Every structure is written in C-alpha cells, then in structure tokens.
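The structure is shown below, followed by notes grouped by topic.

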Amino acid sequence: GSGSGHGGGGSGAEEPPCPVRWVRGVVLGAGTPGGAARMRRDVRILLLGEAQVGKTSLIMALVGEEFPEEVPSRAEEITIPADVTPEKVPTHIVDYSETEQTEEELQEEITKANVVCMVYDVTEESSIDKIRTKWIPMVNGGAEKGSRIPIILVGNKSDLQTGSSMESILPIMNQFSEIETCVECSAKNLKNISELFYYAQKAVLHPTAPLYDPDEKQLRPACARALTRIFNMSDQDNNQILSDEELNYFQKSCFGNPLAPQALEDVKTVVWKNTTDGVQDNGLTLNGFLFLNTLFIQRGRHETTWTILRRFGYDDALELTDDYLCPPIRVPHDCSTELNHFGYQFLQKIFEKHDKDRDGALSPAELQSCFTVFPYTPWGPELYHTVCTTDKGLLSLHGFLCQWTLVAYLDVHRCLEHLGYLGYPIFSEQDSQIHAITVTREKRIDLEKGQTHRNVFLCKVVGSRGAGKSAFLQAFLGKNLAASKRSPGRQTVYTINTVQVNNQEKYLILQEIDAEAEFTKASDASCDVACLLYDVTDYKSFNYCASIYKQHYMDGQIPCVFVAAKSDLPQTSPQRGLSPAEFCYKHRLPPPIYFTCNTHGAPSSVVYAKLATAATFPHLNDIDLGTASFWIRVALGATVAAVVGVTIYKAVAKNK
C-alpha cells in the first residue's frame, strides 16, 4: 500500500470507509464527538493533471454514479450539499482544462483550492512523471513546508491494467511530504470514486501537516504541546498517569461513549509493546498518550486526533478558538458578574487537584502546576497582597476563590478565558464557561425593591496621599502595620476578602483610588459603597474627602462611609468650619468610623463589615437605625434617646 509514513490509506491499504459513514479511530474513538471547535465551513477540491487522464470523467462518474458516454472538455463546478457528505460540510469540486483556461485562471483556482487531486493515467508513465516535474511544483513551488496545499494522487483507468502504479508513485510520495495519500480508481468501473473524494475532503478537514512531520516521523511541536495540555487536563488526580477511569472519561467526552474493558486493555497492550515508558502502574503516561496519537496518524486515522483536539477547543492551526475561549456574554449596564456555585465547585476541584501535599494551601510550585495548561501565567506576585494567605504566606483555598471572584467581577471575559484554559466546558459537561457565571440584575431594580441578590461588592477607597489607604487595604487581609511593612513587594490597588452581613457571607473588593486620579466621568466614582478615608492627624486630608464627597457623591445613591484612619494618634481639630462628625451629621451620613492598623494582632474588621452592610442595604443608608440613635444620643443626651428611639425604630421598620 502507500505506506510512506504519511498515513495514507490508498490502494492496498486497509479499505477506506464508504464516505456516507463517519470514520473513527483505531482503538480509541467511536461514537459522536461532543460539542467542539467547528471545522471549516466548506471544502474546495481542484482536479489537475495532463489532458485525457480522465479528470472530467471522474467528476461525472461521482455525480451521475455511472460512466459518462459523452465527456465535455471541462465539467462545471459542482457543489455537494453538506447532508450528503460524511463530515456534513458542503464540498465544491472544480475541474481544469488546459484548452479552456488561461494560466492566470489556473493560478487563481490553485489559490482558492483547499486540496488538489492530481490525476494521472496508470497506463501512461509520462503522466506520472509530469506530477513530479510539472504539477506539484506549480501548486506548491514557493510555499513553506507548513503552508503547502495538501495533495491527493489519483491513478485513474485502473481497469486497463493488471498490476499497480505504486512502484512509480512511492518515490514521489517520499519526495513530497504534502502528498496525503494515493488512490487508484476507475471512472469506467466506478471503482474507488467516492473514496477518492472522501480522502480529498479528509485531507482538508483532518489535515496531516499541522499534526505530523513525515520526514521526522514524529508529531509536530505544536501538536505535541496541545496533546500534552490535553493530557494534563485529563489527568484529574494529577499523578502523571491516565487511569482507566480517567481514560474512560476522556474517551466519553471526545467520542460520546466509554471504552469496553477489553478495548482499554488492548490500547494499553499496544502502547506497552511499542514504548519503554508508555504504560505505568496500569495507566497511560504522557509518552504513551503521545505515542497512541502518533500511531493513529501513521495509520491514516487523523480524524481521531482531530476529534480530540477539536473537542478541547483547537482549530486547524492548533490555536484555541475564540468561540471556545470567549463565548459571548451579555452584561447590561449597571449589572455585575459573579461566579456561581457551579464555578466555585469546579475551582475547588482544581485547587484540590494541585494541592499535592494536601496541606490546604498551594505553594508557588503547586500554583505554577495549576497554570501549565495556560499559555501564560495569569497572576503575578501582587496576588499575595490581594488575597489572604496562610501563616506561611501560601495561597489558601479561601484566597484562591477570592482571586477568581475578583477576576470574574472586574473582567468577566478574562475569567471566561481562564476557565476555558482549565477545561471548564469539558469537565463540567456544559456548552461553555458561561454556565459558571451569574450576571446580576440592574442595581436600579435592587434600589427600587430595597434588596439585592449580589454577593460581590466593590468599595472605592478615596483619600489624600499619605492618609493610609494602602495600609487600610492590607489590614482587610488581616495584616497590621508591622506585617504590611514586613512584606514589601508589588503593592496592589485591589484587595478582596469575605465579610459577614446579617449572617451571610459576602465578598468585598476594596479598590484604592490614587489621590491624583481625576473623576472625569460618573463611572469613575461609581461603586457599591465609597469609603472616604482621612488621617485624623491632618485636617487637610479630611477636607480632601469632604470635597470629593460634595463633587461626586452628595447627590447620588451610592452609600458613603467616612473612616478616620490612624486613630491611635492624637486628633487635630479644624481651625474653622465643621468637624468631621458635624459634617457627617449635616449630610445625614453615619458618623466617622475610627480605625487603626497599628495594633498587636490583626486589625479590627468592624469597619469592613460596616462597608459591606452599607453596600448591601444602600436604601437604608441615611436612616440606618444604629446611625440615627447615635445622633439622637449626641444631640439630646441618652435619657431622651430611649423614648425617641422607639419612634425611630417604627419609622425604619416601615421603610424596610
């Protein structure tokens, strides 16, 4: 047969399937591939070759299912509809006639073609020779190795000879690696006609070139990289071996059904016999997995490897497709994005997979192993200043989920891409990563109804330079002043942690706003709660917060909380004008919350709970019960407060 290392399955090789059936792989693979990267939308096949070799007869024999008595000099272009072709892709077949077409027209057709069938007459040695000297150089002369058009050699008129033309053809196949296969056929006897077009279609839809280097007889680097990534994702317990259970899950998600126990053993036996380290502890190693795919390709079963690659989101250039990485998601104005419990469940499994020493935290090396399936490292060293870490400075599950929550909230497209790299659709058995995301309802509706279903809130921390914003962000992670000074490194403008609001866990994101930043548009100031942080020792820093409040928050619906930072230091009073407490009272705001991170242990978390509560109940902001009773005590003294308190309570209860 055409055993030139190309995986061609022409004459003498195992019989190709009738093109009305979809072909499956040798051992792995049988069933229908799951939702995957789409193949090309159509296939364009061009027939070339010397005059009188039977190009037009082959096309007419395919369409009419009989040998044509009268043959025109050139057949019209025909289109075979998708539902008739094995791969369900419309196929255009284009004829060529030297007498009817100019050199320019021929070049234009070559440019448009996805695959070229080079037809020769098996009884005419000169027509075989012309393939090598004229036709292949014409089609692929100047092209780089990877970008050559695939070629199918077609030996027509096999009814007129007893032997085979393969002896003359093999040297040509060995010389030109873009030749996918060789098929001997007869337009007169209708022999191998449909097979010829099946192979041509297959050369386009399941091309060899991106997968395999026939000269080196090995997988191309990009293909080996993609399959290595697929192996790492499929190795769900992260022990570098695919167990029977993992192989079956893989088989089912790619081909729609599990392998019979005997078939599984057969796969492992083939690998074991042909490799030194392909099978280990009764499972398949990475080398075994790569060997198996090389074997499929060498046996002409590229579609098995392509089905795997497409199931995992790869396109013909072995890049992950945009459809797979960036499924379209609609986030209307004023809505936010959060991970839902499906997303958190999946991420917890990923965390546990990479926590090899089972200490409940990811070391830098374990985190890096989590990212081997990414083309880049998504999180930098600022991670350790953004989320809580363990006493040893490692990433806990809580910190891991916080970071994902932050990405989902700030940049949902990036989050979807990251979930795609981890294989969310495959391992959650869903159409796409969107299944892991909840888009919240508009904030306007939350305000109207007086309640929110959101679990993630953004707090912008505003204050003058030196007021203590960075220390306030780090204190949210439980670091006091001494601890944040001890852990220098790339500071971050975000920190995220969970807080309890009415016995429910909510995520709060703190974003430090640079004192020099101008709020030029409304969205710059927008958030779920504004924290106006000033230094008690510097009255100017309070004035800065007061002016920001008046310019951007006074007439809006965003709740505001003033925080008096460095409260362990002596407070300065204003020379003239209102004190911070009076300013807050005048503007019907809660009184300033005193805060210091210069503590022995972790700083108090009361202020963060208050910020989250204000974000959760923005409609209660100016008549919050606690706030109101505070002001009454200030204004009237405690005795009257007890009486008036009841009236206020009723008013608030009504508003709820």
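The buried residues of helix H10 (residues 302–311) pack against strand E6 (179–184), helix H5 (193–205), helix H6 (221–234), helix H7 (244–255), helix H9 (286–298) and helix H16 (424–427). Here buried means under 20% relative accessible area, with a 1.4 Å probe and protein chains only, and helices (H or I, at least four residues) and strands (E, at least two) are DSSP runs numbered from the N terminus. The model is predicted: local features need pLDDT of at least 70 and side-chain atom pairs count only at pLDDT 80 or more, while totals for chains, interfaces and linings use all residues. Residues are numbered from 1 along each chain as its sequence is written, and side-chain values use heavy atoms, with hydrogens and water left out.

**Helix H10**
- Because 10 of the 10 residues of H10 are buried, this helix is largely enclosed by the rest of the structure.
- Among its buried residues are Glu303, Arg310 and Arg311, as well as Trp306, Ile308 and Leu309.

- Beyond its neighbours within four places in sequence, Phe562 is in contact (heavy atoms within 4.5 Å) with residues including Leu532, Tyr549, Phe583 and Ile593.

**Largest pocket**
- The largest pocket holds about 960 Å³ of space; a pocket is an open set of points on a 1 Å grid over the protein atoms alone, where a 1.4 Å probe fits, with protein on both sides within 12 Å along at least five of seven lines.
- Its lining (residues with an atom within 4 Å of a point) comprises 44 residues, of which Asp334, Tyr409, Lys443, Ser526 and Cys527 lie nearest the centre.
- Helix H17 (443–449) supplies the largest share of the lining, four residues.

**Whole chain**
- The protein chain has 25 helices and 20 strands.
- Of its 656 residues, 52% are buried.
- Residues 24 or more positions apart account for 71% of the contacts with a separation of 6 or more.

Methods:
Buried means under 20% relative accessible area, exposed over 50%, partly exposed in between (1.4 Å probe, protein chains only). Grid points are joined across faces, edges and corners, and a volume is the space filled by probe spheres set on the points.
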